[in-house]
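Me: I have a model open and want to learn how to read it. Where do we begin?

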Amino acid sequence: ASLNEGISGSCCNAQYILQDVNFSGLTVKTGSRVHGKYIQFGASGGDAVGPTFSSFDNSFGGLSLNSNTITLISRFLDGFQDCIPLGLEWDHALLCNYSVRRLNFFGADQGNLTVDGPG
């Protein structure tokens, strides 16, 4: 059988944990003009949806929703509650004030599903 039984998708969800990271030496934005990105989903031809970027300190340079724990997720993962869209310098990520982990389901289209539980 082929990878994922012929269903396109990612087998892995990379989780990048940033600790004691300082972006202050990077100039990616001047006024409203964006010159680059702090992070990028799908870098080097990778999965533009799978990775998450989390920090439990101030590694995102002041991005915060009144929480020390924040996660940046792909803009395509718009089903998480209370996440705020960011600009191009953050690759249009969604900023969530909690840890985000992903679980992938592969199969026939089941329509819109809701998963509920602790965590």
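Reply: Begin with burial. Buried means under 20% relative accessible area, exposed over 50%, partly exposed in between, with a 1.4 Å probe and protein chains only. Here buried residues make up 27% of the 119 residues in the protein.

Me: What kind of model is this?

Reply: This is a predicted model: local features need pLDDT of at least 70, side-chain atom pairs count only at pLDDT 80 or more, and totals for chains, interfaces and linings use all residues. Residues are numbered from 1 along each chain as its sequence is written, and side-chain values use heavy atoms, with hydrogens and water left out.

Me: How many helices and strands are there in the protein?

Reply: Both are DSSP runs, numbered from the N terminus: helices are H or I with at least four residues, strands are E with at least two. This protein has 0 helices and 7 strands. Along the sequence the pattern reads β-β-β-β-β-β-β.

Me: Which residues form a disulfide?

Reply: A disulfide is a pair of cysteine sulfur atoms within 2.5 Å. The count here is 1 disulfide. Cys83 and Cys96 form it, with their sulfur atoms 2.0 Å apart. The pair links distant parts of the chain, 13 residues apart: Cys83 lies in the loop between strand 5 (70-73) and strand 6 (84-85), Cys96 in strand 7 (residues 94-96).

Me: What is the handedness of the link of Cys83 and Cys96?

Reply: The link is right-handed, with 110 degrees about the S-S bond.

Me: Are Cys83 and Cys96 buried or exposed?

Reply: Both Cys83 and Cys96 are buried.
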